[in-house]
Amino acid sequence: MSVQKNVNVSRPLDALGKSLNSQVLIKLKGGREFRGVLKSFDMHMNLVLNDAEELENGESSRRLGVVLIRGDNIVYISPG
Amino acid sequence: MSVQKNVNVSRPLDALGKSLNSQVLIKLKGGREFRGVLKSFDMHMNLVLNDAEELENGESSRRLGVVLIRGDNIVYISPG
Amino acid sequence: MSVQKNVNVSRPLDALGKSLNSQVLIKLKGGREFRGVLKSFDMHMNLVLNDAEELENGESSRRLGVVLIRGDNIVYISPG
Amino acid sequence: MSVQKNVNVSRPLDALGKSLNSQVLIKLKGGREFRGVLKSFDMHMNLVLNDAEELENGESSRRLGVVLIRGDNIVYISPG
Amino acid sequence: MSVQKNVNVSRPLDALGKSLNSQVLIKLKGGREFRGVLKSFDMHMNLVLNDAEELENGESSRRLGVVLIRGDNIVYISPG
Amino acid sequence: MSVQKNVNVSRPLDALGKSLNSQVLIKLKGGREFRGVLKSFDMHMNLVLNDAEELENGESSRRLGVVLIRGDNIVYISPG
Amino acid sequence: MSVQKNVNVSRPLDALGKSLNSQVLIKLKGGREFRGVLKSFDMHMNLVLNDAEELENGESSRRLGVVLIRGDNIVYISPG
């Protein structure tokens, strides 16, 4: 498939693999933000964070520990 | 598939299996929250809770007993 | 598939089978609620209620008799 | 599939078959309501009504005659 | 499939075939309305109108000539 | 499939082929409008415009040059 | 398939391949904008940007470095 031919770089979800066991920032569709250590993900972008906290204005508003986030809520994922 | 190769850790929905018969907190897209004992789930994240209650501001607002929640409403699931 | 292995309990939609011919409470995405006797359902959570009524603040606001509810509107289903 | 085993009653869309050539009430996601004679439907719940009218507060607000309603708009369908 | 057995009448999209080359009224999810001559459609309800105009309060507000409308916007289609 | 039998006219996306290398007007779901020269499209209605500009009240508000528009945002496409 | 026959030009996602390692502007559904260097994408339009920043009124409001954007949020992608 020609999309794949053009993309001889790694694919987007492969980039997530590099963030396993590292801290990531997750932005959700309603504006909600989470920070935690990425433990797993699947092709739907469902993902599990450890040591997760929900953020408001960049500050921790709720400590969740382990959390499974449903992928269809996600806007973006960024290391850090 | 390369996503799977990177993910030699468990997948997100496998993490749910560890919460079977334990209490979980469920956050839904409209902000609604539920707490109950996870009895089953499927790949769409449809799930059944026992001893479930709906929460408002962290307090129980409605006792539901058994409840089947449709997976596409879910934002996140967290033990506790 | 590993999701299935973890779930050696019944699956969520199987739990609906136990409510056939019993009264259920249905919560829809816009907040609408229905109560009626569950007569059938399918894998999309489309379902048919008999003796159904729409509720407002827990009180009957409209008697519908038989009603087919489209599954994608559903937030949760609970016996009672 | 176990969903089917539990459902040895008819399935939800089969119930629609019983309403063919009869008058039905259709509630749509935005609150819009239609009443008309059900002439056909498919597995997406797309359906055709004859002698259809759009209702406001239960009163006819627009006569449409034949109308094809796209299934993904539907909240519920009820005889009458 | 039992849905098909019940529906020994024509299916909803077949009804659209009868409106080819005739004027139809299209209602979209945001409330927008179009009137034009139906030239083609597909199973997603994508459709092409000729001599199309957008309507506001039933009056022409914009002449579009040929227009391709994406099916997932459609609430209903009615001859006339 | 009977839909295809009725449609012995061209299908809606075929009509887009006639607009390749011509100017088109694109209306998006939020009300946003674009005008540009259609260079390619696919079955999801993803499309590429050249010499594209975003419009407000029919006037150019932003020149984008080449732009790839994701198909699921589209309400309608019209030549001109 | 006739769509492909008409499109003997490149397909929309192929055009993204030309922007690999170049700066792109991404507009999301809620109005959010990002600018960064496109490093990868897939057929869902999931994409990874390097040196990414979120923009407000065209000015940088947040530096994200590497960011994975989920494709279903995207309205358009434009070089620059």
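Buried area is the accessible area that two parts lose on being put together, summed over both. The model described here is predicted.

Between chain G and chain A, the buried area is about 2,100 Å². Carbon and sulfur atoms give 58% of that area. The contact draws 26 residues from chain G and 26 residues from chain A. On the chain G side, the greatest losses of area to chain A fall on G:R62, G:L68 and G:R70. Together these three residues account for 29% of what the chain G side buries.

Polar and charged pairs also span this interface. Residue pairs in polar contact between chain G and chain A number 10, counted with both residues at pLDDT 80 or more. Salt bridges across the interface number 2. A:K29 forms a salt bridge with G:D72. The closest N and O atoms of A:K29 and G:D72 are 2.8 Å apart. Side chains of opposite charge can pair when their charged atoms come close.

The elements of chain G that give two or more residues to the side touching chain A are α2 (12-17), β2 (33-41), β3 (47-56) and β4 (59-69). Of the elements, β4(G) gives the most to this side, with 6 residues. By class, the side of chain G that touches chain A holds 13 nonpolar, 4 polar and 9 charged residues.

Strand pairing also links the two chains. Strand β5 (residues 74-79) of chain A is joined to β4(G) by 2 bridges. The two strands run antiparallel. A:I77 has G:L68 in β4(G) as its bridge partner. G:L68 is also among the residues of chain G that lose the most area to chain A.

The interface of chain B and chain C was examined in turn. Here 26 residues of chain B are in contact with 26 residues of chain C. The area buried between chain B and chain C is about 2,100 Å², with 58% of it on carbon and sulfur atoms. In chain B, the residues that lose the most area to chain C are B:R62, B:L68 and B:R70.

C:E33 forms a salt bridge with B:R62. Their closest N and O atoms lie 2.6 Å apart. Polar contact between chain B and chain C involves 10 residue pairs, both residues being at pLDDT 80 or more.

On the side of chain B that touches chain C, two or more residues come from each of α2 (12-17), β2 (33-41), β3 (47-56) and β4 (59-69) of chain B. The most come from β4(B), with 6 residues. This side of chain B divides into 13 nonpolar, 4 polar and 9 charged residues.

β4(B) is joined to strand β5 (residues 74-79) of chain C by 2 bridges, and the strands run antiparallel. In β5(C), C:I77 is the bridge partner of B:L68. Chain B superposes on chain C by a rotation of 51° with 0.0 Å of shift along its axis, at an RMSD of 0.0 Å. The copies use different surfaces, with 12% of the contact residues of chain B recurring in chain C.

Over all chains, the count comes to 42 salt bridges. A:R62 forms a salt bridge with B:E33, with the closest N and O atoms 2.6 Å apart. A:R62 lies in strand β4 (residues 59-69) of chain A and B:E33 in strand β2 of chain B, so this pair joins two chains.

Technical notes
Residues numbered from 1 in each chain as written. Chains lettered and ligands numbered in written order. Predicted model: local features only at pLDDT ≥ 70, side-chain atom pairs only at ≥ 80, totals over all residues. Heavy atoms only, no water. Contact = heavy atoms within 4.5 Å. Buried area = accessible area lost by both parts, 1.4 Å probe. Salt bridge = Lys/Arg side-chain N within 4 Å of Asp/Glu carboxyl O. Polar contact = N/O pair within 3.5 Å; in protein donor to acceptor, adjacent residues only side chain to side chain. Helix = DSSP H or I, 4+ residues; strand = E, 2+ residues; numbered from the N terminus. Nonpolar A, V, L, I, M, F, W, Y, C, P; charged D, E, K, R; others polar. Pairing = 2+ DSSP bridges. Least-squares fit on C-alpha atoms with pLDDT ≥ 70 in both.
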